[in-house]
Amino acid sequence: MKKTGIKYAFIVLIALFAFKWYKETPVIHSIGDSTMCNFEESYLNKFGGEGYPIRGWMQMMPEFVKPGVRINNAARSGRSSKSFRGEGFWDKVKAQIKPGDYVFIMFGGNDQKPDTLRHTDPWTTYKQNLINYVNESKKLGANPVLFTSIVRRKFDKNGKLVDTYGDYILAVRAVAKELNVPLVDLNKLSAELVQNYGIEKSKELFLHIEPGRFSKLPEGKKDDSHLCVEGARKIAELAAKSMKEQKLAVTEYLK
């Protein structure tokens, strides 16, 4: 009976410690677009089921955080810094943020779109939207981290990667500097990755699907904006590595 009581007390102690760690461990919230978001089964089924390889890089981030660290990947496909707020997604995230949490922020691709629901100007509305996300995160006691958008796979005739974001990248860097907010320059890091892979091998990072692989895509697919599983994993790895190299506070929760 005595040994049983000691064993039971030990189990309870471990459970209480685990619960305390779980309760106090910050949540990593992420807001952004399709290059960052989770692609759920309902989306995958539109094209070929669970084998359909599209992924957002934050969808792969659980591989690079310690066990028990919670990730709320609230990024949404097709959203810009404007429409993410306008459609109420930011309000839902704010309702879940607690002091000490982290907020990863990455917009840009859809801010370039011409429609009024999403379009922003890099040096006015886009920049102000980023400032607002940062300041509102801080007001809630969270730690914002800015990310520049990953590159699109576009090479010129000389095999050099072409910049498709322009001032949208410069604006993110400017906000990070002005507000003294950590920046993970995924645009720069992903550019180096894609350029090093080269024109042909870099297809392995993006959504290039051969004809006949999925019945719903008889002619295959060539998408140089969205990531496949391996591409998303590589970008998540680059993000984690950059945060550790910069010794950001969130590094404590990375593997």
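Me: By class, one nonpolar, eight polar and three charged residues make up the lining of the largest pocket. How do you know which class each belongs to?

Reply: The model is a predicted one, where local features need pLDDT of at least 70 and side-chain atom pairs count only at pLDDT 80 or more, while totals for chains, interfaces and linings use all residues. Residues are numbered from 1 along each chain as its sequence is written, and side-chain values use heavy atoms, with hydrogens and water left out. Ala, Val, Leu, Ile, Met, Phe, Trp, Tyr, Cys and Pro count as nonpolar, Asp, Glu, Lys and Arg as charged, and the others, Gly among them, as polar. The lining includes Tyr165, Asp33, Lys113, Arg152, Gly78 and His226.

Me: What makes a space a pocket or a cavity?

Reply: On a 1 Å grid over the protein atoms alone, a cavity is a set of points where a 1.4 Å probe fits but cannot get out, whereas a pocket is an open set with protein on both sides within 12 Å along at least five of seven lines; a lining residue has an atom within 4 Å of a point. Points are joined across faces, edges and corners, and the volume is the space filled by probe spheres set on them. The largest pocket comes to about 180 Å³. There is one cavity of 30 Å³ or more, and the largest cavity has about 40 Å³. Its lining includes Ile150, Leu193, Phe206 and Lys234, with eight nonpolar, two polar and one charged residues.

Me: What makes a set of residues a nonpolar core?

Reply: The members are buried Ala, Val, Leu, Ile, Met, Phe, Trp, Tyr and Cys residues, joined through side-chain atoms within 4.5 Å. The largest such core has 45 residues, and Trp57, Met61, Phe104, Phe147, Leu186 and Met243 touch the most other members. Helix 8 gives the largest share of this core, six residues. (Helices are DSSP runs of H or I with at least four residues, strands are runs of E with at least two, numbered from the N terminus.) In soluble globular proteins, nonpolar side chains tend to be buried together.

Me: Why are Cys37 and Cys228 called buried?

Reply: Buried means under 20% relative accessible area, exposed over 50%, and partly exposed in between (1.4 Å probe, protein chains only). Cys37 has 2%, so it is buried; Cys228, at 9%, counts as buried too.

Me: Is Ser30 buried or exposed?

Reply: Ser30 has 0% relative accessibility and therefore counts as buried. This serine is in strand 1 (residues 27–32). Contact means heavy atoms within 4.5 Å, and Ser30 touches Met36, Met58, Asn72, Asn73, Ala74, Ala75 and Phe104, leaving out residues up to four places away in sequence.

Me: And why is Asn180 called exposed?

Reply: Its relative accessibility is 69%, so Asn180 counts as exposed. Asn180 is in the loop between helix 6 (167–179) and strand 5 (183–184), and has a positive phi of about 55° although it is not a glycine.
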